[in-house]
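The tour goes stop by stop.

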Amino acid sequence: MLVGTPIGNLGDASPRMREAILAADLLAAEDTRRFRALCDRLELAPTAKVRSVHDHNEADRARELADAVAAGQHVVLLSDAGMPAVSDPGYRVVKEVAGRGLPVTSVPGASAAVTALAVSGLPSDRWAFEGFLPRKPGERRRLLAQLAPERRTLVFYESPHRVGDALADMVAACGADRPAVVARELTKLHEEVLRGTLGELAQAAADGLRGEICIVLGPAAAQEAPAPEAVAGEVARLTADGVRAKDAAARVAAAHGLRTREVYEAYLHAE
């Protein structure tokens with residue numbers, strides 16, 4: 001069972017979350033010390049064994065937890081904050097358990113990405129979650145250049161120490177006038193939602209910001225679709241980064257409102 005935990009405000013701890021923790025035969029937590037601290041603050045005293053499941057051991061733990069589920073144990077998986085498997089450990093465990101035909105259930109909880117999107121005031125009918133941006137400047141700029149034409153609202157997580165650089169790179173890729181929101185410390189005492197253009201937000205965050213941060217990037221403005229030949233270079237850049245040509249063509253076509261076959265053929269003829 002996947003169990004969501006509060007992303008800041010302990011008042012968001014649901015009765016089902018509490019019940020699941022107390023009823024578990026085995027608890028899998030991203031950080032066992034943080035989990036025990038959470039239980040202390042919520043005045044919970046679980047008796048189940050607690051195992052750590054983090055990025056470095058999840059592949060091995062997945063088999064162990066699946067074995068426990070297969071043996072009839074009630075296994076509960078939690079991350080430090082928010083929903084497991086959403087930019088947190090959990091995906092490999094779910095894949096292993098589900099792959100064996102065993103049941104996977106969930107006690108839903110808060111998600112910083114969805115919360116940031118909801119309070120942003122930016123279009124939420126079509127959106128995508130991109131997780132954390134690459135740490136290396138070159139990789140981050142290449143990714144943002146690929147995402148710049150995206151017609152959906154995009155949600156990112158970012159470190160408080162890199163948020164200024166990330167926003168500056170977004171300005172370079174998307175233009176200073178693109179609408180965006182920086183949401184920090186959501187549900188916590190010092191929650192703040194900064195709305196404006198990328199240029200304004202980059203200036204405000206130039207010296208860094210404190211706390212847990214989400215960046216919500218508004219969709220690119222509608223433009224006349226370019227000719228397939230004009231975007232063949234984008235396909236070539238993606239293939240140079242290791243993306244299969246047909247997958248790259250599909251990605252570029254979707255970003256520009258073109259047909260994948262036309263973009264793929266233009267790429268082949270350009271070589």
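## Stop one: a loop

Ala-85 sits in the loop between S4 and H4. Keep in mind that the model is predicted. Check the backbone of Ala-85: phi is near 80°, a positive value in a residue other than glycine. Ala-85 counts as partly exposed because its relative accessibility is 33%, and partly exposed lies between the cut-offs of under 20% for buried and over 50% for exposed.

Now select Ser-87. This residue is in the loop between strand S4 (75–78) and helix H4 (91–99). Ser-87 has 35% relative accessibility, so it counts as partly exposed. Which residues does Ser-87 contact, leaving aside neighbours within four places in sequence? Show Phe-129, Gly-131, Phe-132 and Tyr-157. Draw a distance from Ser-87 to Phe-129: C-alpha to C-alpha it is 9.4 Å, across 42 residues of sequence.

## Stop two: the largest core

Select Phe-156, Leu-167, Met-170 and Ile-215. Within the largest nonpolar core, of 22 residues, these have the most contacts. Next, color the elements that give two or more residues to this core: H6, strand S7 (153–158), helix H7 (163–174), strand S8 (179–184), helix H8 (198–204) and strand S10 (213–217). H7 supplies the largest share, 5 residues.

Another core, of 18 residues, lies apart; Leu-27, Ala-29, Cys-39 and Val-107 are among its members.

Go to Thr-187, in the loop between S8 and strand S9 (192–197). Phi of Thr-187 is near 70°, again positive in a residue other than glycine. Thr-187 is partly exposed, with a relative accessible area of 21%.

## Stop four: helix H9

Select residues 232–240, helix H9. Ala-232, Val-235 and Leu-238 are buried there. Look down the axis of H9: the buried residues fall within an arc of 120°, so they line one face of the helix. An α-helix has 3.6 residues a turn, so residues three or four places apart point the same way.

What does the buried side of H9 pack against? Show helix H6 (137–147), helix H10 (245–256) and helix H11 (260–270). End at Gly-242, which follows H9 and has a positive phi, near 100°.

Conventions: Residues numbered from 1 in each chain as written. Predicted model: local features only at pLDDT ≥ 70, side-chain atom pairs only at ≥ 80, totals over all residues. Heavy atoms only, no water. Buried < 20%, exposed > 50% of the residue type's maximum accessible area, 1.4 Å probe, protein only. Helix = DSSP H or I, 4+ residues; strand = E, 2+ residues; numbered from the N terminus. Arc of directions from axis to C-beta. Contact = heavy atoms within 4.5 Å. Core = buried A, V, L, I, M, F, W, Y, C linked by side-chain atoms within 4.5 Å.
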